[in-house]
Amino acid sequence: MLDALGFAFMQRALLAGVLVATLCGVLGFFVVLKRLAFIGVGISHSAFGGIALGLLLGVEPLLAAAGFATIVAWGVGWISRKGRLHEDTVIGILFSSAMAFGVALISLSRSYQVDLFGYLFGNILAVSPADLWMLGGIGAVVLLVVGLLFKELLFLAFDEEVARASGLPVTRLYFVLLTCLALTIVAAIRVVGLILVEALLVIPAAIGYQLADGYRGMLGIAVCSAALSAVAGLCISYVLDIAAGATIVLVLTALFFAAVGVGRVRRRGSQAASNPGAVTG
Amino acid sequence: MNSGNSAIVHVRDLAVSIDGHPVLWDVTFDVAAGSFLGIIGPNGAGKTTLLRVLLGLLPATQGVAEVLGMKPSELGRRAHQIGYVPQRPEFDPRFPVSVRDVVMMGRTCCLGILRFPRRADWEAVEDTIHRVGLAGLESRRIGELSGGQQQRAFLARALCAETRILLLDEATTGLDLPAQHELYALLQRLRRDLQLTVIAVSHDLLELGAHTDKLMCINGAMHIHGNPHTVLESHELRAAYRCEFDFLSDEVQARVRDEHQC
């Protein structure tokens with residue numbers, strides 16, 4: 001395994017994995033707390049339309065996907081804020097239409113079908129230096145924006161109505177969050193593919209939610225478990241020769257069930273401590 | 001701009017429609033700085049709508065609504081001077097924030113975007129938590145608190161940002177009678193100490209009549225506005241509630257007398 005670290009492609013894969021996992025851990029924190037999980041699924045699947053468009057027009061597919069996913073995310077935000085339709089209905093409509101658009105475009109040019117597999121299921125071992133720069137750029141922008149607006153986004157996630165009443169520009173903040181989410185998802189497509197992106201967004205934050213009492217702890221655990229799963233998943237996939245993206249997600253799933261177990265034991269322990277009579281009675 | 005007197009809230013001929021349906025009309029009142037106004041009315045009377053207009057969450061369809069001498073939607077960063085305690089706030093009880101974190105959220109807007117809380121901000125948060133009687137519970141997760149304690153935490157959140165006006169929507173829902181009394185006593189104390197103007201909304205006349213300086217009754221339109229004695233004895237009140245409640249009157253009068261004599 002250690003020999004593998006000597007390969008440039010493996011180093012790039014590790015760097016990309018940790019970078020994307022960290023990013024997903026941070027955005028996943030808001031996805032879980034603001035209950036945006038279904039929006040995440042919608043954005044990741046709609047990115048397929050952008051990828052197909054990029055392939056057809058000869059533009060970098062992930063760049064096209066970034067633009068496309070951002071527009072779909074704004075569309076979801078805009079239509080659902082108008083209040084005529086529920087957010088999940090809007091997501092259901094836009095995400096399947098965007099995928100249908102992608103499939104229709106792909107069927108126009110059959111020769112590109114080989115490339116598609118990598119976008120659907122990820123191809124972390126094929127990350128190029130240029131990809132790494134792109135991931136680094138997206139990561140830096142998203143982390144900077146989220147870092148600077150953290151207290152506002154936390155207030156928005158906790159109580160949108162009072163946040164708005166206190167004078168926060170809630171709608172603009174929500175759109176900033178959706179944009180960061182779209183960019184993060186597109187970055188993560190390189191690593192785990194658009195089918196599995198949601199796992200990288202939701203599971204690390206869900207682990208943090210299970211284990212931590214405070215939001216700082218939840219965020220820390222989310223980032224650490226995401227990064228850990230990226231490294232461990234990559235190593236396991238190399239040794240066992242199985243798909244890297246899927247292995248990362250399976251490692252995360254195992255961590256999640258472990259966290260549920262630990263959380264349950266801890267809660268039982270604290271209940272027993274606060275109410276000793278209940279154990280015997 | 002405003003009515004020219006010491007009115008901190010000025011509403012003239014206000015009408016509000018939601019999706020084309022009139023919810024409020026002919027509402028006119030002023031609130032003097034430092035006073036405690038109770039707004040009563042049956043369920044669905046438009047009380048929450050009125051608060052939402054004062055908070056800038058809903059536009060007025062007609063008429064004038066001014067808070068601190070400005071239209072609520074134009075308050076911008078001054079909006080934090082209006083504290084808001086919503087009706088039964090909906091939040092995830094497992095949301096990983098402590099009482100201290102929740103109260104700090106109240107300072108988010110007065111801190112401004114791109115600025116992080118400093119020591120003075122944390123001190124203001126501790127001070128407000130102390131004022132509402134939650135000292136010792138600062139580090140507890142908000143969902144672990146009782147309903148009454150959560151209400152106080154949200155009150156602290158509404159108060160910790162140089163607040164001048166406090167708006168409460170059905171603040172005592174779910175509280176038993178002693179807890180209701182305690183909350184109103186706390187509000188009176190806070191009003192005095194922090195020179196607040198308080199506007200509280202409730203469907204329960206018994207409760208508000210006994211604790212406020214002025215009462216206003218609305219049911220779509222404004223029916224009456226005056227001191228609690230006048231309002232509670234009025235025919236307009238009966239008209240607004242569209243029922244007779246003589247069985248309540250004696251008790252209301254007795255409680256108003258008791259509380260105002262204390």
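Colleague: How many residues of chain A are in contact with chain B?
Modeller: Residues are numbered from 1 along each chain as its sequence is written, while chains are lettered from A and ligands numbered from 1 in the order in which they are written. Two residues are in contact if their C-beta atoms, placed from the backbone, lie within 7 Å. On that basis 23 residues of chain B meet a number from chain A, which is 21.

Colleague: Which helices of chain A each supply at least two residues of the side that touches chain B?
Modeller: Helices (H or I, at least four residues) and strands (E, at least two) are DSSP runs, numbered from the N terminus. Those that qualify are H7 (150-158), H8 (160-165) and H11 (215-240) of chain A.

Colleague: How many residues on that side of chain A are nonpolar?
Modeller: Ala, Val, Leu, Ile, Met, Phe, Trp, Tyr, Cys and Pro count as nonpolar, Asp, Glu, Lys and Arg as charged, and the others, Gly among them, as polar. Three residues are polar and six charged, and the nonpolar ones number twelve.

Colleague: How far apart are the end C-alpha atoms of H11(A)?
Modeller: The expected span of a helix is 1.5 Å times one less than its number of residues. With 26 residues, H11(A) should span 38 Å, which agrees with its end C-alpha atoms being apart by 36 Å.

Colleague: How many helices does chain A have?
Modeller: Chain A has zero strands.

Colleague: Why does A:Gly122 count as buried?
Modeller: A:Gly122 is in the loop between helix H5 (113-121) and helix H6 (129-148) of chain A. A residue is buried if 20 or more other C-beta atoms lie within 10 Å of its own, exposed if 12 or fewer, and partly exposed in between, with C-beta atoms placed from the backbone. A:Gly122 counts as buried because its C-beta neighbours inside 10 Å number 29.

Colleague: Which element of chain B has the lowest mean pLDDT?
Modeller: Chain B averages a pLDDT of 84, and 90% of the residues score at least 70. Where pLDDT is low, the predicted coordinates should not be read in detail. Among the elements of chain B, helix H2 (residues 99-105) has the highest mean, 95, and the lowest, 58, belongs to helix H10 (residues 246-261) of chain B.

Methods: Predicted model: local features only at pLDDT ≥ 70, side-chain atom pairs only at ≥ 80, totals over all residues. pLDDT = per-residue confidence, 0-100.
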